[in-house]
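Subject: Structure handover

Dear colleague,

I am passing on the structure below, and after it you will find a short account of what turned up when I went through it. Please read the account with the structure open beside you.

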Amino acid sequence: MTALTCRLWWASTDDASPALLDLLDAGERERHGRFRLQADRDRYLVAHALARLALAREAECAPNQVAFTLHCRA
């Protein structure tokens, strides 16, 4: 039997900080700026920064080296 490790990262919109914008790529920063409500901008920022930090840690690379490919199955 193989042992698995699961790391759970948790963040709140209270964790939103302008410094996290540096973790986002240009497209993510553009999308972040299009949200009309501050709560939506904060939620997007924290979620994407956390995803980059978590994946970078597992891949042993810098957060700015993590790339996301988004596509719609439609």
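**What was found**

The protein exposes about 6100 Å², and carbon and sulfur atoms supply 55% of that area. Please keep in mind throughout that this is a predicted model.

As for the overall architecture, the protein has two helices and zero strands, and its C-alpha trace spans about 50 × 35 × 25 Å along the principal axes. Of the 74 residues, 19% count as buried. Among the contacts with a separation of 6 or more, 59% are made by residues 24 or more positions apart.

A search of the whole structure finds four salt bridges. One of them joins Glu-28 to Arg-52, with the closest N and O atoms 3.0 Å apart; this pair links distant parts of the chain, since Glu-28 is in helix 1 and Arg-52 is in helix 2, 24 residues apart. Both Glu-28 and Arg-52 are buried, and together with Asp-25 they are linked in a network of salt bridges.

Two further salt bridges each lie within one helix. Arg-34 pairs with Glu-30, the closest N and O atoms being 3.1 Å apart, and both residues lie in helix 1, four residues apart, about one turn of the helix; both Arg-34 and Glu-30 are exposed. Asp-40 pairs with Arg-43, with 2.8 Å between the closest N and O atoms, and these two are separated by about one helical turn because they are three residues apart in helix 2. Asp-40 has a relative accessible area of 25%, so it counts as partly exposed, and Arg-43, with 47%, is likewise partly exposed.

Which charged residues are buried yet have no salt bridge? Asp-42 is buried in this way, and the nearest side chain of opposite charge, that of Arg-41, is 6.0 Å away; Arg-41 is also buried without a salt bridge, its nearest side chain of opposite charge being that of Asp-42. Arg-41 is found in helix 2, and Asp-42 has its place in helix 2 as well.

Pro-18 lies in the segment before helix 1, which covers residues 26–34, and with a relative accessible area of 67% Pro-18 is exposed.

On the surface, Leu-55, Phe-68 and Leu-70 form a nonpolar patch, with about 300 Å² of accessible area together. Leu-55 has its place in helix 2, which runs over residues 38–59, and at 42% relative accessibility Leu-55 counts as partly exposed.

A last point concerns the backbone. Most residues other than glycine have a negative phi. Glu-60, however, has a phi near 55°, a positive value in a residue other than glycine. Glu-60 is in the segment after helix 2, and its relative accessible area of 76% makes it exposed.

Notes
Residues are numbered from 1 along each chain as its sequence is written. This is a predicted model: local features need pLDDT of at least 70, side-chain atom pairs count only at pLDDT 80 or more; totals for chains, interfaces and linings use all residues. Side-chain values use heavy atoms; hydrogens and water are left out. Patches are made of residues with over 30% relative accessible area and no salt bridge: like charges are joined within 9 Å, nonpolar side chains (Val, Leu, Ile, Met, Phe, Trp, Tyr) within 5 Å. Accessible areas come from the Shrake-Rupley method with a 1.4 Å probe; for residues, only the protein chains shown count as cover. Buried means under 20% relative accessible area, exposed over 50%, partly exposed in between (1.4 Å probe, protein chains only). Contact means heavy atoms within 4.5 Å. Lys and Arg count as positive and Asp and Glu as negative; His and the chain ends are not counted.
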